[in-house]
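I opened this entry to look up salt bridges. The structure goes in first, then my notes.

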Amino acid sequence: QRTEGEGAAQLNNDDERESGAMEIGKDGSESEKGQEVINPFWEDKFNMMKQHMQYHYPKSRYPNGAYVNASECPNKPLASWLKNQRYFYRMKQKGIKLSNNQTLSDHQIQKLESIGFLWEEYDYIKAREAEAEAALALISARARVSAPAPARSASTPAPSASAPAESELQDKGGEDHSESEDEREEVNPFWERKFDMLKDHMERHYPKSRFRNGAYVAP
């Protein structure tokens, strides 16, 4: 069984015919008239990948794209095709020409990227981190809007004129241990409820006995 790292390096004749890559001519052109030759096999596999991603990685939930593992493909031919595309892409990025004159055309790369297809798992991790940061920023903004403004109680006595000012305490080397009203954090019921839900989820699925260094929970 060929690993993804080995990619298309061990393609046999049948794989070369059905790998879905663009076969270039001796002069390096992608077609005799400068126009891309439509590869029916590639288009068929591309449409299968597109359907797979639309079902499992919809753009409404994965706006920055997704990394599809070959192991999750619905069938072996699609998994093999997926490995080949990544292999051809890496070779093209490195400027390495394969002995079988196969490569991915710019149009094929654009089509894959248009459906949110990510080439490297690192890109997927960065994309998910960006989505998580955006989600946290949105939750934080909503929490600030929904939090009630602190109201001064009528029973709260006004500061005494004889009380030492903060500057005086600092000059005398004293310490003011009283907590100012601005420093006091207001309890946000909405945030607390969501925190308890997340805590319960992580205790069930990511117990500290197994995930001592913490866990990343995808939205």
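**Salt bridge notes**

I looked up Asp 106 and found its side chain in a salt bridge with that of Lys 92, at 2.9 Å from N to O. I count a salt bridge when a side-chain nitrogen of Lys or Arg is within 4 Å of a carboxyl oxygen of Asp or Glu. The pair links distant parts of the chain, with Asp 106 in helix H4 and Lys 92 in helix H3 (residues 76-94), 14 residues apart. I take helices as DSSP runs of H or I with at least four residues, numbered from the N terminus.

I note that this is a predicted model, in which local features need pLDDT of at least 70, side-chain atom pairs count only at pLDDT 80 or more, and totals for chains, interfaces and linings use all residues. Residues are numbered from 1 along each chain as its sequence is written, and side-chain values use heavy atoms, with hydrogens and water left out.

I checked accessibility next, with buried meaning under 20% relative accessible area, exposed over 50%, and partly exposed in between (1.4 Å probe, protein chains only). Asp 106 is partly exposed at 48%, and Lys 92 is partly exposed at 28%.

How many salt bridges does the rule give? I get three.

Glu 43 pairs with Lys 111, with the closest N and O atoms 2.8 Å apart. Glu 43 is buried at 18% relative accessibility.

Asp 44 forms a salt bridge with Lys 45, at 3.7 Å between the closest N and O atoms. Asp 44 is partly exposed at 39%, whereas Lys 45 is buried at 8%.

Note on methods:
Helices (H or I, at least four residues) and strands (E, at least two) are DSSP runs, numbered from the N terminus.
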